[in-house]
Amino acid sequence: MRFETRAIHGGLDHDNHARAIVPPVYHSTVYELSEAGKQDDELLYSRLDNPNRRQWEALAASLEGGAGAAAFASGIAAATAVLQALDPGDHVIFPDDLYSGHRMMITGLMNRWNLHSSFVDATNANTIREAIRPETRLIWMETPSNPMLRITDIAAVCELARSRGLISCVDNTWPSPVNQRPLELGADLVMHSSTKYFGGHSDTLGGLVIAREENELMERIRFIQRLGGAVPSPQDCWMLARSTRTLAYRMRGHNAHGAELAAFLARHPKVGAVHYPGLSGHPGHETARRQMHGFGGMISFEVKGDASQTLKVVAGAALIRRATSLGGVESSWEHRLSTEGEGSKTPGNLIRFSVGLEHPDDLKEDLERALSVL
């Protein structure tokens with residue numbers, strides 16, 4: 001089945017004994033066991049497994065082309081589980097332009113757990129190669145990056161990782177599997193904040209880890225998922241699976257509107273720079289063309305003003321909402337520096353813009369209104 005068909009039908013047969021077109025939500029936390037005691041395929045306790053999570057994980061794995069998936073209560077929980085699957089003393093290479101929440105989790109939690117980390121320019125595979133140490137275990141990629149939309153050559157870095165016996169993991173939250181499938185490019189693991197484009201409506205929190213093959217590493221991640229307990233509720237799994245049925249068609253709108261709004265901003269006299277891999281002038285454009293099927297709905301742009309003026313631009317919109325998340329059907333943006341806080345290297349005049357599914361002409365009018373304060 002092709003992607004759109006799998007998004008609608010994938011996972012529905014798991015624990016769907018009534019053959020419901022829309023499976024129910026299983027709110028029960030416990031399940032009755034066989035008279036002979038628990039059997040291998042029986043459900044026991046909802047933290048460990050439940051029908052809705054089985055359905056959601058099967059669907060997510062299918063869309064990324066993976067052998068299996070583990071669902072979490074948030075993207076941060078998913079990322080933490082990947083790192084906790086390593087051993088204390090291991091070393092991980094991260095991009096220097098990394099989602100700030102992940103950076104805080106790494107430096108504030110995992111480093112205290114004695115996991116070592118390096119942050120490097122991930123747009124250059126040679127820079128990553130030079131950062132490899134004897135204790136390096138994993139290379140983490142985030143492409144396009146957050147918030148500067150820098151591009152990493154996934155196939156090249158995965159080949160490097162494979163040649164050194166290292167694990168490769170790609171945060172694929174921004175592209176979604178509609179626009180980019182890292183497992184097909186050689187990655188071992190894909191991670192998502194399913195809160196974003198999978199959910200798509202800014203109303204459900206979730207995270208995913210999807211593996212190219214079932215192996216000891218994936219079993220370790222599942223062990224952390226079940227014993228650590230940072231799992232989504234049955235309702236969350238049901239909501240995410242329901243929303244994913246329209247993912248392919250929502251992403252077509254995000255892609256089209258993102259490209260149109262990026263071109264509009266690139267021509268605007270009050271905008272100094274636009275970071276969007278779909279623009280031919282973007283330094284990672286050619287790599288993005290090779291590994292992406294669409295360029296997404298995320299744009300970062302720098303206005304011709306200072307941080308205080310940029311805050312006024314963000315406050316000046318009537319339609320675009322001031323919010324830190326992304327991937328919803330509604331457009332939102334933020335002054336990224338103030339959101340990231342102390343230690344951020346994001347330019348003070350940068351706005352991170354999640355382009356939604358409103359009519360693009362309405363969004364252009366709103367951008368003109370907001371930019372008029374400069």
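Trainee: Which residues of helix 3 are buried?
Mentor: This is a predicted model. In it, the buried residues of helix 3 are Gly 75, Ala 77, Ala 78, Ala 79, Thr 80, Ala 81, Val 82 and Leu 83.

Trainee: New topic. What domains does the chain have?
Mentor: The domain assignment gives domain 1 (3-243) and domain 2 (248-372). Their centres, taken over C-alpha atoms, are separated by 26 Å.

Trainee: How many residues are in contact between domain 1 and domain 2?
Mentor: On the domain 1 side there are 30, and they are in contact with 38 residues of domain 2. The area buried between the two domains is about 2700 Å², and carbon and sulfur atoms give 57% of that area.

Trainee: Which residues of domain 1 lose the most area to domain 2?
Mentor: Leu 149, Asn 179 and Tyr 197 do. Together they give 26% of what the domain 1 side buries.

Trainee: How many salt bridges cross the interface of domain 1 and domain 2?
Mentor: The rule finds 2 salt bridges there. As for residue pairs in polar contact between the domains, the count is 15.

Trainee: Which elements give two or more residues to the side of domain 1 that touches domain 2?
Mentor: Those are helix 1 (3-9) and helix 7 (176-179). Helix 7 gives the most, with 3 residues. By type, the residues of that side divide into 14 nonpolar, 12 polar and 4 charged.

Trainee: What does Glu 4 form a salt bridge with?
Mentor: The partner is Arg 252, and the closest N and O atoms of the pair are 2.4 Å apart.

Trainee: Let's move to Asn 146. Where is the place of Asn 146?
Mentor: Asn 146 is in the loop between strand 4 (136-142) and helix 6 (154-163).

Trainee: Buried or exposed, and why does Asn 146 count that way?
Mentor: Asn 146 counts as buried because its relative accessibility is 4%, and the cut-off for buried is under 20%.

Trainee: What is Asn 146 in contact with, leaving aside its neighbours within four places in sequence?
Mentor: Its contacts are Asp 97, Leu 98, Tyr 99, Trp 174, Arg 336 and Arg 352. With Arg 352 there is a polar contact between the two side chains, at 3.1 Å. Separately, the C-alpha atoms of Asn 146 and Ile 299 are separated by 9.9 Å, though the two are 153 residues apart along the chain.

Trainee: What kind of peptide bond joins Asn 146 and Pro 147?
Mentor: A cis one, with omega about 15°. The bond from Thr 143 to Pro 144 is cis too, with omega near -5°. Pro 144 lies in the loop between strand 4 and helix 6, and Pro 147 has its place in that loop as well. Most peptide bonds are trans.

Trainee: Last topic. What is the phi of Asp 15?
Mentor: Asp 15 has a positive phi of about 55°, although it is not a glycine. Asp 15 is in the loop between helix 1 and helix 2, and it counts as buried because its relative accessibility is 19%.

Trainee: And what is the phi of Asn 114?
Mentor: Asn 114 also has a positive phi, about 75°. Its place is the loop between helix 4 (100-110) and strand 3 (116-120). Asn 114 is partly exposed, with a relative accessible area of 37%.

Technical notes
Residues are numbered from 1 along each chain as its sequence is written. This is a predicted model: local features need pLDDT of at least 70, side-chain atom pairs count only at pLDDT 80 or more; totals for chains, interfaces and linings use all residues. Side-chain values use heavy atoms; hydrogens and water are left out. Buried means under 20% relative accessible area, exposed over 50%, partly exposed in between (1.4 Å probe, protein chains only). Helices (H or I, at least four residues) and strands (E, at least two) are DSSP runs, numbered from the N terminus. Contact means heavy atoms within 4.5 Å. A polar contact is a pair of N or O atoms within 3.5 Å; within protein, one must be able to donate a hydrogen and the other to accept it, and residues adjacent in sequence count only if both atoms are side-chain atoms. Domain bounds come from an automatic or database domain assignment. Buried area is the accessible area (1.4 Å probe) that two parts lose on being put together, summed over both. A salt bridge is a side-chain nitrogen of Lys or Arg within 4 Å of a carboxyl oxygen of Asp or Glu. Ala, Val, Leu, Ile, Met, Phe, Trp, Tyr, Cys and Pro count as nonpolar, Asp, Glu, Lys and Arg as charged, and the others, Gly among them, as polar.
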